[in-house]
Amino acid sequence: MTAFATAQAATPEDIRPSPPASGHAPVLAIHGGAGVERGDLDAAGLAEARGALETALRAGHARLQAGAPAMDAVKAAITVLEDAPNFNAGKGAVFTHEGRNELDAAVMDGATGQAGAIAGVTRVRNPILLADAVMTSSPHVMMVGEGAEAFAQTQDIALVDPAYFRTERRWQQLQRALEAERRSQPQASVLTGDARPYFGTVGAVALDADGRLAAGTSTGGMTNKRYNRVGDAPLIGAGTWADARCAVSGTGWGEYYIRAAAAHEICARVRLRGDDIREASDAVIDREIPAAGGNGGAIALDADGRVAFPFNTPGMYRGWIGADGVPHVAVFREDEIALPDGR
């Protein structure tokens, strides 16, 4: 956190003021992870990823058009991305050092300040739905591991055999990391063998017709991670945050997002200082995080429907959809993408 945001403690009223009056134009923005580079995908893979982004946007938009709250749109969009093998979340999640898929997710409702998160689950098909159940059907904010999966069974949330999450692409990614680790020093970092092991997280932020904001994030974490490592995605305020004025989902090197309380820091700048959402996002993602040694991206949305897509890598899967139902998606930095306000 910056000294400014830390020094000015927010009251509950600051965090959860009454949502704006109804009559807003609904907006949904999503990401499928920062860090993508042109050499990562052939033409078919790129088309498939873009198609998955468009499908996710349409799924969330359908909920907004039906008058559902922002959180429903967030869940609908992320569920599509979790089911697509293109991203590091749900099916297609990266492998741990031991060859498992350990999944994390979080949601936050900006209108109420409620939040739910899960970490280290290995059998939950759609972690975002379990995070939502923690928020809506338990007195807790976070559950982990086997306990979270036991709770999932009480909520009729689908559990699958862990083999469901395996993709050959991710398995080979782990094998390269393990081989590089074997060739290096015994104390080699978890980053050995893959310069971008922590990218691919998916997320969504939404504004509904009643002015309510919501955010959600889902991830498989870091390739070759050990010791049940957990990153920023399920930590409220680090990779996921929503209040009445701002919603953020992050994607990047989680350790740096945790130390910066990155998602909350963006919204604190909007709420406490009145910064424009894009100024606040750029300051945290493109300046503070890199200055500390990290990198990544985020999506951010304010109560006026302004969207920000900051990232400091060659590409980030990203997109948004508004009231007209036309999805806008982009992948690489040079890709043009119109924004809701025409800028």
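**Exercise 1.** Work out what E11 and E12 form, and which turn residue has a positive phi.

*Solution.* Step one: E11 and E12 make a hairpin, with five residues between them. Strands here are DSSP runs (E, at least two residues; helices are H or I, at least four), numbered from the N terminus. Step two: in the turn, Gly-325 has a positive phi of about 75 degrees. Step three: E11 (residues 315-321) pairs with E12 in the antiparallel sense over five bridges; pairing takes at least two DSSP bridges. Gly-315 sits opposite Phe-332 in E12. Step four: five of the six residues of E12 (residues 327-332) are buried, so the strand is largely enclosed by the rest of the structure. Buried means under 20% relative accessible area, exposed over 50%, partly exposed in between (1.4 Å probe, protein chains only).

This is a predicted model, where local features need pLDDT of at least 70, side-chain atom pairs count only at pLDDT 80 or more, and totals for chains, interfaces and linings use all residues. Residues are numbered from 1 along each chain as its sequence is written, and side-chain values use heavy atoms, leaving out hydrogens and water.

**Exercise 2.** Find the strand order in the open sheet of four strands.

*Solution.* Step one: the order is E7-E8-E9-E10, with antiparallel pairing. Step two: E7 (240-242) and E10 (307-308) are at the edges with a single partner strand each, so one side of each lacks a neighbour in the sheet. Step three: E8 (residues 246-252) and E9 (residues 296-302) share seven bridges, and Val-248 has Ala-300 in E9 as its bridge partner.
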